[in-house]
Amino acid sequence: MKKRLYGGMRLSTITVMAIGISAAASVIICMLIFNAVFNRGLRQDAATSSQQAVTQTAVEVENYLDDLKKRLTNISDEIYRSVSVEDAKKSISVAARFENDINAIVVYDADGRILMYGGGDGEIKKEPCENLSFDKEIFDAAEDFAVMPPHVQTLFKEQYPWVVTIARRVYRPALGGEVYEAMDFEFSHIANYIDSVGIANQGYCYIADSDGKIIYHPQQQMIFSGIKSENTEELLKSGEGVHFEKNVIRTVKPLSGSSWSVVGVSNISDLVSGRMKKVFAGILYAFVFCVAAAAAAIQLYSQIVTKPVKRLVSAMQTFEKEADSFSYRPEPEKVRELKILSATFSHMVGMIQELMEKVRREEIVLRKTELKALQAQINPHFLYNTLDSIQWMCERGKTDDAVKMVGALAKLFRISISRGHELISIEDELKHAESYLVIQSFRYKNQFTYKFSVDKSVEDCLCNKITVQPLIENAIYHGIDRMVDEGSIDITVRAGENDDIFIDVKDNGIGMTEEQCRNILQKERSDSGGIGVKNVNDRIKMYFGEEYGLSIESEPDEGTKVTLHLPQIRKEPENEA
């Protein structure tokens, strides 16, 4: 028994392990949470940085295209205000000559034939000719301005510039009706700006059209040679915004007024690698600090808590062996809970020793007659288990529960003694029963619940002492103890007709048959060694008459109700000294 009771790990070992594991777990959890939050934050920062770069690039390209559209509009207005075709040609030539980034200005008829032009060296290859800058389907599909992809212009002799054409369809009666006014501008301005855009160390931007075809890429040669590829078509289907793909961030920003989109590509590790190294270094330093702090905390905890607990455990073990001669003096502990536990144990030792002395005295008196022995006999097994439970609670540090149990045990003994009186008030009898239930609820680890419903008007009436407790004991041992589900005990005190009192003890235990109910009233003692139910019935009849006593109602698997029938006898007030 002792080997099983005192086995297990020491408190100091458990304390060190608990603090160490808790500290390590806390640090690891904090690191994981911080890492997840920090990574999410870094990814968001990287996405924001990429989005800002792409948005800025898109704004610059849009502004440049808008400027070109305004210039084409101004040239178109000049053509419209021209009084003759020759005057219109002169306006086109002047505009093309003074605009550095404009390579050519061309007016086409509805069939794509050149009506007039300006720019270049002034000499076209052949006339009339069809320019590659003219794409009737693209021009007609545009609502206002049409922007063609970059292409090589082949209009002029010995000139093959890389240009982008912006055109608009207008109605000019002087030129024969519907015409197309187009302006070829050198793409190098946009290309140079795209080349200068950088996202972190290795990121870049490129331009693609709505079909996924690359308009311009900083690594154009690698794209053309097949060394590098961009899945632009699938990316554009995902729409505008930031898209994560493994360790790569791709940002899409459509250009207003054209079918182009600016796409930014950046590497997350490239954006966050430097910051992550600093963060992990900080985490490592924090971990080392936490380990050192945990070691210091363990040492301090050992001095303040572990050693006093060991002293208290040693005192409890000594008290178990030498209860009669044991003397305990509480130590001035630093921890409030340990101080309370030590003081409570000291108080408990005194109470138990006093109770033991009372038990000895009562045993001498109770031997005089069998009736008095049955009236006040305490179940030794119940007392041992109660004291064993109190010791267990003290060893586990459950001082509040130990105090409650000791108090309930003391009250149980006090009311059982009742200064030698056989009749006590119903109020005291119920207190006695409640003290018994408190002790049993601790021993049975809340296996059952109990409830008192008392008519206050009969609390001062007298009844035989120790009449309710044996019924509760019988309900616990023979009804609830064998149940799987939680049990319940209801104690009801009610006033009846003809100045009678009824005390019901009802449980939801396994119940009994009618034959078992009859047998109970024939037993002299309960199976557990306590006061027998028959003895309760006999004493009531002895003091109050045959019309009073005990009745039992029970059904198997339904529960049992035992009813005490008593007369209303009021307690006389005690004379003051």
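Is N498 buried or exposed? N498 is exposed, because its relative accessible area is 68%. Here, exposed means over 50% relative accessible area, buried means under 20%, and partly exposed is in between (1.4 Å probe, protein chains only).

## What you are looking at

This is a predicted model, in which local features need pLDDT of at least 70 and side-chain atom pairs count only at pLDDT 80 or more, while totals for chains, interfaces and linings use all residues. Residues are numbered from 1 along each chain as its sequence is written, and side-chain values use heavy atoms, with hydrogens and water left out.

The protein chain has 577 residues, and 44% of them are buried. Its secondary structure comes to 16 helices and 18 strands; these are DSSP runs numbered from the N terminus, with helices being H or I and at least four residues, and strands being E and at least two. The accessible surface is about 31,600 Å², with 52% belonging to carbon and sulfur atoms (areas come from the Shrake-Rupley method with a 1.4 Å probe, and for residues only the protein chains shown count as cover).

Now for contacts, meaning heavy atoms within 4.5 Å. Take the contacts in the protein chain with a separation of 6 or more: 63% of them are between residues 24 or more positions apart.

## Inside the structure

Among the buried ones are V468, P470, E473, Y477 and I480.

L430 sits in helix α13 (residues 426–443) and is buried, with a relative accessible area of 7%. Setting aside neighbours within four places in sequence, L430 touches F452, V454, I491 and V493. L430 and F452 are 22 residues apart in sequence, and their C-alpha atoms are 8.6 Å apart in space.

Over in strand β11 (residues 260–267) you'll find S261, which counts as buried at 8% relative accessibility. Not counting residues up to four places away in sequence, S261 is in contact with Y206, I207, A208, L236, V252, K253, P254 and L255.

## Patches on the surface

L284, F287, V288 and V291 make a nonpolar surface patch of about 350 Å². V288 belongs to helix α8 (residues 268–321). In general, an α-helix has 3.6 residues a turn, so residues three or four places apart point the same way.

There's also a patch of negative charge on the surface, where E514, E555, D557 and E558 gather. Asp and Glu count as negative, Lys and Arg as positive, and His and the chain ends are not counted; a charge is placed at NZ of Lys, CZ of Arg, CG of Asp or CD of Glu. Patches use residues with over 30% relative accessible area and no salt bridge, joining like charges within 9 Å and nonpolar side chains (Val, Leu, Ile, Met, Phe, Trp, Tyr) within 5 Å. A salt bridge is a side-chain nitrogen of Lys or Arg within 4 Å of a carboxyl oxygen of Asp or Glu.

## Two loops to look at

E558 is in the loop between β17 (549–555) and β18 (559–567), and it counts as exposed at 59% relative accessibility. D557 is found in the loop between β17 and β18 too, and D557 counts as exposed at 67%.

N498, in the loop between β15 (487–495) and β16 (500–507), has a positive phi of about 60° although it is not a glycine. Most residues other than glycine have a negative phi.
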